[in-house]
Structures are given as C-alpha cells and as structure tokens.
Amino acid sequence: MAKLTIVQAVADALRTEMELDERVVVLGEDVGVNGGVFRATEGLYERFGENRVIDTPLAESGIVGAAIGMAIYGLRPVAEIQFEGFMAPAFDQIVNHAARIRTRSRGRFTCPLVIRAPWGGGIRAPEHHSDSPEDWFIHQPGLKVVIPSTPYDTKGLLIAAIRDPDPVIFFEPKRIYRAFRQEVPEEAYTVPIGRARTVREGRDVAIFTWGAMVRIVEEAAEELAGRGIECEIVDLRTLSPVDVDAIVAAVQKTGRALVVHEAPKTGGFGAEIVALINERALLHLEAPVYRVAGFDTPMPLFHLEDYYLPNKQRVIKGVERVLNF
C-alpha cells in the first residue's frame, strides 16, 4: 500500500471514484488546469478532461448551484470551495436547496452532491481562510457533515460521501494536509458515515474531538499517560449524523468527559455533545462535562493564531479540571 498524506488521499479518492463511475465530476475555481489551491485535484484534468474536471468562475453560489442541478439530473458532482470561510456566499444554495430537495419533492428527487472545502486554522492564513463553520451546516437537517483526521479515513469517507444519495459537506483539516503519512489501500473502499473511531483506549476520562484537534489531543494524552492518567480518545469523524452510541459508551466506561474543538465555544458542536451526554448518560457522570474550544472571537491573524487554537497545555488543563472536580 502507498503511504499518502491527507491531501493525497483526497486526490486518490477522487481519481478512484472517477475511474469507477463516469457520473462523478469535479468542479470549482482552479480545480482543473492548476490542480486546486492545495493540489487536491492535481492530475485529474489531464486524465479525465474538461467535461469532468470543470474550472468555474470565482462565484461560490454559482459553483454549488450548478452542482445541485448536475446532481438532480443524474451526475455525482464534487464541488470544491477553495476555503471554508468562502462558503457563506453559497449558504442559500446549500441550506435552502441542496438540503431540502428530498423532502421538498417528497422523495422523488435526491441531491447526491459533495461540497469539499479545506477547513480550520493553523496555516497562518488571512481572514476567511481559517474558520470552523461546521455548526452552520450541522444545524441544517438534510445535510451530512464529515471531517476526517487521517489519510485512511479521508479516502474511505470521501468515497462514501460521493456514493451517498444526499448532500455531504466534506471538511478537510488543512493544518494536517501534509503533516504525516499513512498506508492507504489503492482500491476503492468506504468508511461508513456516522461511525466514530476510538483512537486510544482509556479508563479515566473520555475526550471527544475531530479534525486536526485529534493529533493535539493525542499529544496531551501521551503526556498525561506519563502521570498515570489514561484518556480515551474518540474521533467523531462524522458530526452529522453523530455516533451517539460511541459517545454514550465512552462516558459509561470512564464517567468523565471532555470535548475539544477549534470552533468558537458558544454554540459550538461541543455544546450539543454535552446536551446529548446529559440526556443519555447523566447518571454515569462523576463530573460536569468540560469544553476546550476556540474563543468567541473571529479567528485572529497569524500572530495570535496559536493562542486562539486549543493546544496540548489547554487540553491537559481541561482534563485536570474534569478529574479534580
């Protein structure tokens, strides 16, 4: 098996599905001749041609609107938005059209569309290039929201998203696009949407996280293990639908929980997880669930980026707070 980075796994998934299914098309700004801003679509234009790898104008609403039409009429479009912060101009198309077509048509039409976007902070980018807007889309019924954290999961989840009959928002943690490599099968395979992954077994506290934060939490857990504190790490992988059973099982096992995410704390998905634990596993808790998150400000420019994003020290303090309650 080849050892791929996350961004290479994205390209591999697209190439694999385009070879297997001629209905799969890719569209977006600079995805063709230039191979994408992060080179996630490099080589696809030369291999599949301009009718399946389509360069578009810089108009996010137009990119998603065109992809919705393609999906309704039988294609499997994969639309790229260059950075997650620029999904706002396409918000109307996503929530008022893509997400509602199945219910609006009483099931006569579906919208098998994937919208990919590099996501999150950590690369010293300017405003609108480092946001974590997953909550916008989690709140909208009719959409699935996926955020992988490893190359293996990236390929498997992206293929699952392309084959899904309904629209999927696929956020790619660009901070770790090229941070490490992992063996990835050459053939097509899927990782089921809606199932979490236990990254590390532990008995003392369960930590729920996703995306680039998984590696930060792993670093914290490794240091805490040196003190005799064993953290169970659960990479949710899919935020909508979320793996409720995995969350409840981890809380029942450890009795304590922490949520770590990049997005601002207020209204973030961590709050939903806390509510879910209260509803389903309250009597197993030995301490309140705590959140380590981004601050309630816009993502700052690069001089303050490291202060804004949760780091190993903040995760360790969060675990200590839960354990010392």
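Predicted model: local features only at pLDDT ≥ 70, side-chain atom pairs only at ≥ 80, totals over all residues.
Two strands count as paired when DSSP finds at least two bridges between them. Helices (H or I, at least four residues) and strands (E, at least two) are DSSP runs, numbered from the N terminus. Residues are numbered from 1 along each chain as its sequence is written, and side-chain values use heavy atoms, with hydrogens and water left out.

**The sheet**
- Val 145 has Ile 169 of strand 7 as its bridge partner.
- Seven strands form an open sheet with mixed pairing, in the order 3-2-4-5-7-6-12.
- Strand 3 (53-55) and strand 12 (238-240) sit at the edges with a single partner strand each, so one side of each has no neighbour in the sheet.

**A helix across it**
- Helix 7 (residues 151-163) lies across strands 2 (24-28), 4 (76-80), 5 (114-119), 6, 7 and 12, at about 160 degrees to strand 7.
- Contact here means heavy atoms within 4.5 Å.

**Helix 8 on helix 12**
- Helix 8 (residues 213-225) packs on helix 12 (residues 312-323) at about 60 degrees, with axes 9 Å apart; axes are lines fitted to C-alpha atoms, for helices over the stretch in contact, and angles run from 0 to 180 degrees between N-to-C directions.
- Ile 216, Val 217, Glu 219, Ala 220, Glu 223 and Leu 224 in helix 8 meet Lys 312, Val 315, Ile 316 and Val 319 in helix 12.
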